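Some comments on this entry follow, as numbered points.

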Amino acid sequence: MKTRSKKYVLSFSAVMALILGGGMQLHAADRLADTVYHNGKIYTVTETMEEAKDVKNAKKADVVATLDGKIVFVGSKAEARAKGYFDDAKVRKIVDLRGKTMLPGFVDGHGHFPGESTMDLFTVNLNCPPLGPVETIADLVELLKVKAESISPDGWVKGSNYDDSMIAEKRHPNRDDLDNVSKQHYVVATHSSGHMCAVNSYIIDNIIMPKGKIVGNEFILNETGKSVDGVEIKNGRLTGMLFETNAMGLFSAPGLTKEQNLQLTARGSQAYAAAGVTTADQGASVLTSLPAYQGSVGNKELNIRVIFHPLTFAYNGIYNHTLLKWNTNGTPNDPLDDAPTAASPKVGEDLTRFVAGQNDPSALPENYLLFGAWKQIYDGSNQGYTGYFKHPGYWDKGANSGNDPVTGKPDPNAPDALLGLTGTLNFSREELISSMDFYTKHGQPVETHTNGSWAAEDYMTAIELAIANHPETKDIRHTFIHGQMEERQIVERSVGRYDSLDSTANMYTDLSGTARVEGVDMDANGKAWTASDLRAALKNGQLIKDQNLVSSYFINHTYFWGDRHLEIYMGPGRGKQQNPQGWAAAYGHHFTSHNDCPVTPVSGLRSIQSSVTRTSTGGQVLSGSSTDLEATAMYPETKGGAERAFWDFDQRLNPIQAIHAVTSTPAYQNHIERLIGSIEEGKLADFVILDKDPVDVAAEAPLTLADIRVTATIVGDGVVHGILPDSDIMIGQMSAGYGQADGVTVSNLQYNKIAHADAEKSFGAIGKGENRLGTLGFTANVTEGKSGVFQFSFLGNGATVADFKLYKLHEASTDIYTYGRPAPGEMDSASGNWWIADMATPTVALETGDKLDMNKTYIAFFMIRDNDGTFDADSTPGVIKDPVSLVTTGPMPDNGDNGASSDDGGSSSGCTVGSTPSYDLLVMFLGLSAVAAIRVLRRRED
């Protein structure tokens, strides 16, 4: 049935929306708040880190109020009531948290947004359990082969996140393995660390070998005559393994289309928000991408905030210098004489409206794209044998021969334990020292990838040399990224504590900088420094303390790789002290947690669990046992080697400390603590609402912290994931769908949720015994004559897919969408189709018999062809309009309602702004007025 399109015919809901939109809007002068949150556990995360050492010091509030996307009140219920925050006439919406827990939104300490989306949408997931299905090389090959069979010859087959240490064969795939996938496609499998990959013969023969030749065990470029580090060669033949950036740069897969990149950003926004993350991190940026991100903000495809970390000059950062309006002094190829200008933004400032090309972002909302510290990648991956380890190197070198850690070449003098494979360092120690001196001189914070112990040592020394040369610098907040093998002396030096360095020097090897036992370090100017000279120049540590250095720890290594670190890479002595958050907390060193997504899925809750328990997938606890900083324990130095003393400190945190590491401190790390990270008046209204209190869970069942359900994620006071606790509508956010047909674009999507009562009164009836989860009214632009894919999230109910229906709503009738995803060749013309996918695997349609877990988030997709007479309610070419309702014959989700009663402060996240009797009378009056209005308008038309 087609809807009537005559000028004066309005549905009940349309008139109600008109009346409510005009008559019920609070005038700006009268509006005290947009939203008031109450009746839950609200942790403000405003205690100091010293106070956070005792969970009892955690600061809470009864009520939080927001206005125009910012927090305007944090305090007690009595104070809120006295100030009018429970006055329905002055507040648009009062949200009853129903006993749930509200925290500041999670802030990722380091990651590669939206990298996880690539695997979600476009590549093959090669993870091993618990993250994926690969257990053998044969599994890996079969998954890639399935992908190859779906694309034409000469195309690219890309797989992500295999882990050689977990595959049964305990090895990397090689070219011969990948040739079994296809000899007519370009096939590449990338390691979970992102620091190495394997390629097939089709890539080697068609792309790599034309660039050079094999001489002995080296690959020599034709153009330069230079050897490329990281190319594995055995018996005069490339094995297919490429380690680190130089070798991996020998080939380049085609990039995604503009439309695919927009989908990546949209998917990243959805996945991060689903994890409670309100601010993501892009830990290696070339800012030529900034206009595209600005476009995503403008199209409302990016609904969370993103911190950008432009790569330093060590990674062609000269482009970033230019884009950020630095003065290149006429020498664009010599970055060391560049300098920021008055037009250059400072770290921590807003880039959302920054002009980085011909774009005009002036109309965009503020504070969605933020300028973080500069980024450089010094060493490699510990689990990939490319971390830069101190002597005696890796715990178990396996079949690998000892190499020089700097050159990566075979070294007959290397100790028995492996120091590093090819490409351990991405640039030299001298370049690191020059880089840190240059950026410190200009007051530019830098975060540096330091996985291995020697990498952390070099970085700490480079910072000390830079500050000694530029003592005027204050509060720069240089950051160690990953810091997995930071030694205690590194943490001590990071806060300017030199008192025990000399007496504990015997606990370490390869010391430099202020911890050096003998010899000198050369700074960027060629000046030699002894340890005592450097300590004196740094005023015995005060100048370093003034910098507020930060370590962002990849704490989830204790969970995902903990067993292998103890048994293969680090051994128990170093493995139990890895990611030393306990030392950082004890010494007052600023620290954060991160997931390094897509290396591991983004999850602030997983980071909290790892910080609190440090328990691996195999159940081992990666921590010392003593609260005494001086306690030691005896362990073998290498597998089968002699024992020596290692520190035995308990590195575990309490839950409040762990929460700081994913909220307030990462904001501080990036110089944006004025905006986010805690719940304080004046800050942006970014929150995560959790089903359970992590403090309680940490006390009762700490190994389930990562399983706490994210009820809702809120950015700028807008819900970007989930359902508010007191809502009776169980569908969430709507957006353009993933997997649009080639050449089809969906844009300008506008939608609203329609209250159940309005839907019942305004549209045709749904079936008997069916429960309505929610109704959406929407309009969007789509390529003329083509089909658009749309999606929205909703909560499962314990029933099967077959128990759900999607209705197209007409004024007096309905049509039902047909379940099932169309074939690829039909995607540009199909209409009236719908399907459901798991949030974690959005490209895979569920079968009708699949069960939807109670309160778990799923995605519903549906398709409409432009000007389809049944499903498109707008006859304008290129415009789609279609009210839809999702219904079930099963039970309704309860959104994890724990039965907490209201504290009578008022509640309304649905269609009303209050629950008082006077308001109900007003609604009834407006309803009668609406009916009268409809009759008048219809008489006019007749």
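**Notes on the model**

1. Of the 942 residues of the protein chain, 59% count as buried. The model is a predicted one. The protein chain contains 25 helices and 40 strands.

2. Among contacts in the protein chain with a separation of 6 or more, 73% come from residues 24 or more positions apart.

3. Helix α8 covers residues 258–274, which is 17 residues. From first C-alpha to last, α8 reaches 24 Å, close to the 24 Å expected at 1.5 Å a residue.

4. The buried residues are Q263, L264, T265, A266, R267, G268, S269, Q270, A271, Y272, A273 and A274. After α8 comes G276, with a positive phi near 85°.

5. Helix α11 (residues 429–441) packs against helix α12 (residues 453–469) at an angle of about 40°, and their axes are 8 Å apart. That angle makes α11 oblique to α12. The crossing of the two, α11 and α12, is right-handed.

6. Which residues of α11 meet α12? On the α11 side they are R429, L432, I433, M436, D437 and T440. Their partners in α12 are D458, Y459, T461, A462, I463, L465, A466, I467 and N469. The residues of this contact divide into nine nonpolar, three polar and three charged.

Methods:
Residues are numbered from 1 along each chain as its sequence is written. This is a predicted model: local features need pLDDT of at least 70, side-chain atom pairs count only at pLDDT 80 or more; totals for chains, interfaces and linings use all residues. Side-chain values use heavy atoms; hydrogens and water are left out. Axes are lines fitted to C-alpha atoms, for helices over the stretch in contact, and angles run from 0 to 180 degrees between N-to-C directions. Helices (H or I, at least four residues) and strands (E, at least two) are DSSP runs, numbered from the N terminus. Angles under 35 degrees count as roughly parallel, over 145 as roughly antiparallel, 65 to 115 as roughly perpendicular and the rest as oblique. A crossing is left-handed if the near helix is turned anticlockwise from the far one by less than a right angle, and right-handed if clockwise. Contact means heavy atoms within 4.5 Å. Ala, Val, Leu, Ile, Met, Phe, Trp, Tyr, Cys and Pro count as nonpolar, Asp, Glu, Lys and Arg as charged, and the others, Gly among them, as polar. The expected span of a helix is 1.5 Å times one less than its number of residues. Buried means under 20% relative accessible area, exposed over 50%, partly exposed in between (1.4 Å probe, protein chains only).
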